[in-house]
There are 2 protein chains.
Amino acid sequence: VCLQAKVLYEFVAEPGNNELSVNEGEIVTITNQSIGGGWVEAQNSRGEVGLVPEDYVALESRGGFRPELWRVSNLSFLFPVVLLHVRYFQKTNGSDPWAAFTTDASGGFSNNWAAQPQGTETGRTSTHEAWSSSVQSHPQAYQGPGNPDSEVPRMFPGFSKSGPDLYLLSKQGPKGKEKLPIYRGEVGPVWLYPEGQLDCVVADPKKGSKLYGLKSYIEYQVTPNVSVFHISAAFGPTLKRLSLPAADLLGRFEEEFIKMRMERLQGWMTRMCRHPVISSSDVFQLFHSYKDEKDWKTGKRKAEKDETVGVMVFSVIEPEETLPDLDLLEVEQKCEQFSRFTKAMDDGVKDLLNVGQEHWKRCTGPLPKEYQRIGKAFQNLSSVFNSSGYEGEATLTDALTAAGKTYEDIAQMVAEQPKKDLHFLMETNNEYKGLLGCFPETIGVHKAAIEKVKEGDKLVAASKITAPEKITMTKRASTMSYALQAEMNHFHSNRIYDYNRVMQLYLEEQIKFYETVRLSVSRWVQSISVQS
Amino acid sequence: VCLQAKVLYEFVAEPGNNELSVNEGEIVTITNQSIGGGWVEAQNSRGEVGLVPEDYVALESRGGFRPELWRVSNLSFLFPVVLLHVRYFQKTNGSDPWAAFTTDASGGFSNNWAAQPQGTETGRTSTHEAWSSSVQSHPQAYQGPGNPDSEVPRMFPGFSKSGPDLYLLSKQGPKGKEKLPIYRGEVGPVWLYPEGQLDCVVADPKKGSKLYGLKSYIEYQVTPNVSVFHISAAFGPTLKRLSLPAADLLGRFEEEFIKMRMERLQGWMTRMCRHPVISSSDVFQLFHSYKDEKDWKTGKRKAEKDETVGVMVFSVIEPEETLPDLDLLEVEQKCEQFSRFTKAMDDGVKDLLNVGQEHWKRCTGPLPKEYQRIGKAFQNLSSVFNSSGYEGEATLTDALTAAGKTYEDIAQMVAEQPKKDLHFLMETNNEYKGLLGCFPETIGVHKAAIEKVKEGDKLVAASKITAPEKITMTKRASTMSYALQAEMNHFHSNRIYDYNRVMQLYLEEQIKFYETVRLSVSRWVQSISVQS
């Protein structure tokens, strides 16, 4: 069987190796799928035939997406926030982990707020992000380094594409689906939080490669913490492995880089686990509970048939009966408020990231270098004075040497400090930047639903919908509104938790820092007092 | 009487004001000296006649120098170190107070280590440095801003011009001059230090102007501290005024600028007072003791007749009899050692000044700006969070506000710190840079004297000198050597004293700084603890 396939990434054939050069976006025909070892045989429009890496092409017969991609798209349409999270992860955990908050392209000390490998992130081996054996997101959705604020290409059709109509005017609800309740909490509409919370531990990064070393990646072990998980407890602590592509890392940064990626993966998994709707979703639970490949494939096939994707996700959401029906004016105001808030927070977060990035650069670059130079200047003067041949230099030269050493100590402290506090402040803000960037679309689909409801009478008059359909539509818009409010409340409570935690950590580390520096200077005093 | 005069500075006539434009170096004829108000009438080589500021021309009939200049030149030849000091003062207290340690001409944040007025130092009103009513040094000896390391034009013929021969081969010693003894101290040959030390207080700066406002200056009050002065105690605490030219200062820097110049003048006067040879010199004592203009003029006339200038100053120096005669090898070694030491210290001091200047710029510029921006980013996020409409924000927003205020406090502390410690470190090193820059010449004349002595036998053989002259020459070279050693020991002891003092001050201020910052951060903790 000959299948059409779209080339996902440029591939340059090695001469004499029976390979075929292909360009991104090119349509080729797969002439042999059974080559094995990660290769397929393809023919281009000029009739040339050769081997191409399997992962570099997307078979049209699979609906344009590989199943691995579909899995994520399924997950992403389970609920808007999943889309947010997937987007966030794309933005910040892509092949360039720094891209999302790299805004300074002026070419200063470093383009990134940390002196992390950057140039190494380009090239063939790093354009992939593979979640082997579980989920795989699409590389085209990544932002390239240096262009962090450009529009993310959409791999998953979002709300804005279909609009709310599909859901608002659908004939029937989902069959046999467990409903996701929203109830009235202290702060307003809230999700139902499960008694036991899903949790997982990301650890033990290992380097691996496939395609005969053409693609290298880092595999992380993900251990679901089932002791607190009320659903899949029966399955026991199965070890899963998630992998992220490994760039050709600079030796001395590699360890730090992998650690940071692991922390980010942990952060993302924890955020997913913390979300009551996502954590109770079939696909997410499947990932946590599957024991072997067979389990995974069975569950996957079931999940693939799920039709509650895109805006249809709202069809499984059920606000409690005690919650009143839609109040158009109130919902519009809420939407406005959320919109204003997320926009303002987005600005604030970006501002903090920008100044934090600058500060990081200064603290790890010029500032400690300067302290070192001051230290060296003091020590140098000390040895010059020692060579004077004049008696009674000791006290002064000891003081100068002590000053020199103190400055060298301070240099080191200053350079190491950002990793201890600013790092976490940056990471948290970076996470929130990713989350906030997805709100406009979520809010947009709600606004569209409200507009639709406003037109209800006109649509009935024009016989475009029936009067009962209008009533259903209004009720469904109400459901959407409660879902948004529940999600916003979830966002707020998480935000307060996250920022409280990071600010406390930041503060504690700042105190430690100044205390340590003060101590270091005091030791300098003592070293002189002992002498004089 | 028509007098020839040399134009010292370019003067551009104001049209319709009966003035004459003249160029630096031009020879004009003074056609009327009695114009008054600081003006004279002059005629140029083309026959044009007009008014020129009196201070802009040097009358040839006065020997090419105005008496005021002569006074300094007299003082400067009293002893090498005076030349050093005068040079130093020219270098660092000239019309551009920062020129001496401005080495960064790359046009960064500021060309000077402090954001002090610089551009304002150019122009007609600031090319002068007038010590009105007492001593006046010459503007040509100043270094222009931005070219700090260029050779200082000599106004006073130095050692290197005449060489040591004038003294080594002079027929007779000075008549009726009090001798300046050198005796054997613990550290080697030392000056005789007077029992009571001359001292003075520079204070009370006042702005004045002459030439109808064409030249403005700052006048400082100098009060000799006679209570510890054994010679002029009888005269009582007469108030003298020294003036330095005032540039057209930028308003907000003026006060700081004047204060700094006052401190430098104080530093210089103290250094003069501390030197046993200088402080006991006729001219210096005259300045301290004169009661009125008549006193000054009488003393001045006497001082003007002093012939012990240049190398002849060694003729009034008398090593104690217990000090052995010249050992050529030892003296050569000493010279070498002094030379190496002063060169090494010069390098060390310049290095410290350079890095200190950079640090100053960073601490007063980008660093506090960054802290302020971080503070604002925190405070901004705090107000965004306050607008969420979600309950339970207070703890977090209080923490963020406190963080913001703390960072603004830190910004201020960082920006103000250099004035409290780095300033004095810079000033001390700057003073020493000036002093060290003059040693090569001093050491050079000694080396030349040694060479001359080495040639002694040859010169006798060639009948260029007599055998007794050779003996005298050797003895005089010995005197020069002891003088150099006494001066080096004086330099060393002052250096240890000065650097000990400034390092202690620096250290104390550094501890205070870090303690204050730590306290500020702790207060931030408290403000949160109270809340939560």
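Reader: Where in chain B is B:S463 found?

Author: In this predicted model, B:S463 sits in the loop that joins α14 (456-461) to α15 (467-531) of chain B.

Reader: What makes the phi of B:S463 worth a remark?

Author: Most residues other than glycine have a negative phi. The phi of B:S463 is near 60 degrees, a positive value, and B:S463 is a residue other than glycine.

Reader: What is the phi of A:S463, and where does A:S463 lie?

Author: A:S463 is not a glycine, yet its phi is positive, about 60 degrees. A:S463 belongs to the loop between α14 (456-461) and α15 of chain A. A:S463 counts as exposed because it has 7 C-beta neighbours inside 10 Å, and the cut-off for exposed is 12 or fewer.

Reader: How do you know through which surface the copies meet?

Author: Of the interface residues of chain A, 100% are also interface residues in chain B, so the copies meet through the same surface. Chain A gives 47 residues to the contact and chain B gives 47 residues. On the side of chain A that touches chain B, two or more residues each come from α9 (328-364), α10 (366-386), α11 (394-420) and α15 (467-531) of chain A.

Reader: What describes the way α9(A) and α11(A) are set against each other?

Author: Two packed helices are described by the angle between their axes and the distance between the axes. The axes of α9(A) and α11(A) come within 8 Å and cross at roughly 145 degrees. From α9(A), the contact uses A:W360, A:C363 and A:T364, and from α11(A) it uses A:V414, A:A415, A:Q417 and A:P418. By class, 5 residues in this contact are nonpolar, 2 are polar and none is charged.

Reader: Is B:L367 buried or exposed, and how do you know?

Author: The cut-off for buried is 20 or more other C-beta atoms within 10 Å. B:L367 has 21 C-beta neighbours inside 10 Å, so it counts as buried. B:L367 is part of helix α10 (residues 366-386) of chain B. Leaving aside residues up to four places away in sequence, B:L367 touches B:R362 and B:V414. From B:L367 to B:V414 there are 47 residues in sequence and 7.6 Å in space, C-alpha to C-alpha.

Reader: Why is α12(A) said to be largely enclosed by the rest of the structure?

Author: Of the 15 residues of α12(A), 13 are buried, so this helix is largely enclosed by the rest of the structure. Over chain A, 44% of the 532 residues count as buried. Helix α12 (residues 422-436) of chain A reaches 21 Å from its first C-alpha to its last, close to the 21 Å expected at 1.5 Å a residue.

Reader: What makes β7 and β11 of chain A edge strands?

Author: The open sheet has 3 strands in the order β7-β6-β11 (chain A), with mixed pairing. Each of β7 (188-191) and β11 (317-319) of chain A pairs on one side only, and these are the edge strands. Between β6 (residues 180-185) of chain A and β7(A), the pairing is antiparallel over 4 bridges. Opposite A:P189 in β7(A) stands A:R184.

Reader: Why does A:P53 count as buried?

Author: A:P53 has 22 other C-beta atoms within 10 Å, and 20 or more is the cut-off for buried. A:P53 lies in strand β4 (residues 49-53) of chain A. A:P53 and A:Y9 are 44 residues apart in sequence, with their C-alpha atoms 9.8 Å apart in space.

Methods:
Residues are numbered from 1 along each chain as its sequence is written. Chains are lettered from A and ligands numbered from 1 in the order in which they are written. This is a predicted model: local features need pLDDT of at least 70, side-chain atom pairs count only at pLDDT 80 or more; totals for chains, interfaces and linings use all residues. Two residues are in contact if their C-beta atoms, placed from the backbone, lie within 7 Å. Axes are lines fitted to C-alpha atoms, for helices over the stretch in contact, and angles run from 0 to 180 degrees between N-to-C directions. Ala, Val, Leu, Ile, Met, Phe, Trp, Tyr, Cys and Pro count as nonpolar, Asp, Glu, Lys and Arg as charged, and the others, Gly among them, as polar. Two strands pair if DSSP finds at least two bridges between them. The expected span of a helix is 1.5 Å times one less than its number of residues.
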